[in-house]
Amino acid sequence: MDSAEYERKIAFRFAAFDQDGNGYIDRADFSAAAARLLAEFGTAARSDRGQALYTGAEALWQGMAGIADVDGDQRVTREEFVGGAVKRLRDSPERFAEIARPFLRAAIAVADGDGSGTAAVPAVERALRVLGASAETAALAARSLDADQDGRIAEDEAVAALADYFTVVAPDA
Ligand code: CA
Ligand code: CA
């Protein structure tokens with residue numbers, strides 16, 4: 001990967017987290033993501049599933065801030081994201097899985113109509129679109145998330161995919 005491609009990939013990943021597009025990642029981006037998912041799937045914020053999603057989003061924000069918010073101003077800038085989140089998460093994918101799992105588990109529960117603990121591929125595609133992915137990217141990602149191709153996406157598949165999303169970003173890859 002050349003440096004221009006690396007920069008482009010970093011920009012995409014940063015933008016994915018910067019849900020309100022104001023140039024930094026903070027708590028509001030995570031609560032906005034939770035709110036969008038709840039609205040898309042018609043789930044009340046005060047419901048058990050809604051509360052679990054907000055709790056998971058807060059844990060994901062706290063985890064990212066703990067790793068990447070170097071100056072402690074409760075904002076992760078693009079520089080902090082590159083130096084902290086991407087590098088440290090790449091070095092420690094299991095740590096990332098730990099901080100992301102509650103959010104992903106809750107998101108699957110919100111997108112899942114039948115309480116099976118997995119979400120159907122089209123539901124995951126909807127979730128990715130509402131979080132800002134293009135139609136093409138969402139379709140491709142949802143299909144590739146279904147690693148065992150049973151038409152449903154389980155928590156472990158989502159955790160592994162999100163960890164990969166970071167670990168593939170390396171200037172020397
Ligand atoms: Ca933001
Ligand atoms: Ca900061």
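**Entry 1: getting my bearings**

A helix, as I use the word here, is a DSSP run of H or I with at least four residues, numbered from the N terminus. With that settled, I looked up Ser31 and found it in helix H2. I keep in mind throughout that this is a predicted model.

Is Ser31 buried, exposed or partly exposed? Its relative accessible area is 30%, so I wrote down partly exposed.

**Entry 2: the calcium ion called ligand 1**

Which residues coordinate the calcium ion (ligand 1)? I found Asp18 (OD), Asp20 (OD), Asn22 (OD1), Tyr24 (O), Asp29 (OD) and again Asp29 (OD), at 2.2 to 2.5 Å. Along the chain these donors follow the spacing D-x1-D-x1-N-x1-Y-x4-D.

I looked at the geometry next. The six donor atoms around ligand 1 subtend angles of 53 to 156°, which makes the arrangement irregular. For six octahedral donors the ideal angles would be 90 or 180 degrees.

Asp18 is buried, at 8% relative accessible area, while Asp20 counts as partly exposed at 41%.

**Entry 3: the calcium ion called ligand 2**

I moved on to the calcium ion (ligand 2). Its donors are Asp69 (OD), Asp71 (OD), Asp73 (OD), Arg75 (O), Glu80 (OE) and again Glu80 (OE), at 2.2 to 2.5 Å. I noted the sequence spacing of the donor residues as D-x1-D-x1-D-x1-R-x4-E.

Asp71 is exposed, with a relative accessible area of 52%, whereas Glu80 is buried, with 9%.

As background, nonpolar side chains tend to be buried together in soluble globular proteins.

Not counting residues up to four places away in sequence, Leu53 touches Ala34, Leu37, Leu38, Phe103, Ala106, Ala107 and Val110.

H1 has 15 residues and reaches 21 Å from first C-alpha to last, close to the 21 Å expected at 1.5 Å a residue. Its buried residues are Tyr6, Ile10, Arg13, Phe14 and Phe17. Down the axis of H1, these buried residues fall within an arc of 100°, so they line one face of the helix. On the face of H1 turned away from the buried side I found the exposed residues Ala4 and Phe12.

H3 has 21 residues and reaches 30 Å, close to the 30 Å expected. Its buried residues include Gly50, Leu53, Trp61 and Met64.

In H6, I listed Val121, Ala123, Val124 and Ala127 as buried. They fall within an arc of 160° seen down the axis of H6, so they too line one face. The buried residues of H6 pack against H2, H5, strand S1 (118-120), H7 and strand S2 (152-154).

**Entry 4: some backbone and loop stops**

Just after H6, Gly132 takes a positive phi of about 110°.

Gln74 has a positive phi near 65° although it is a residue other than glycine. Where is Gln74 found? It is in the loop between H3 and H4, and it is partly exposed, at 41% relative accessible area.

Gln149, also not a glycine, has a positive phi of about 55°. I found Gln149 in the loop between H7 and S2, and at 68% relative accessibility it counts as exposed.

**Entry 5: one last residue**

Ala135 lies in helix H7 and is partly exposed, at 40%. Leaving aside neighbours within four places in sequence, Ala135 is in contact with Glu125 and Arg129. Ile10 is 125 residues from Ala135 along the chain, and their C-alpha atoms are separated by 20 Å.

Definitions and conventions: Residues numbered from 1 in each chain as written. Chains lettered and ligands numbered in written order. Predicted model: local features only at pLDDT ≥ 70, side-chain atom pairs only at ≥ 80, totals over all residues. Heavy atoms only, no water. Donors = N, O, S within 2.8 Å, 3.2 Å for Na, K, Ca; no water. Buried < 20%, exposed > 50% of the residue type's maximum accessible area, 1.4 Å probe, protein only. Contact = heavy atoms within 4.5 Å. Helix = DSSP H or I, 4+ residues; strand = E, 2+ residues; numbered from the N terminus. Expected span 1.5 Å × (residues − 1). Arc of directions from axis to C-beta. Tetrahedral: all angles 85-135°; square planar, octahedral: opposite > 155°, others 65-115°.
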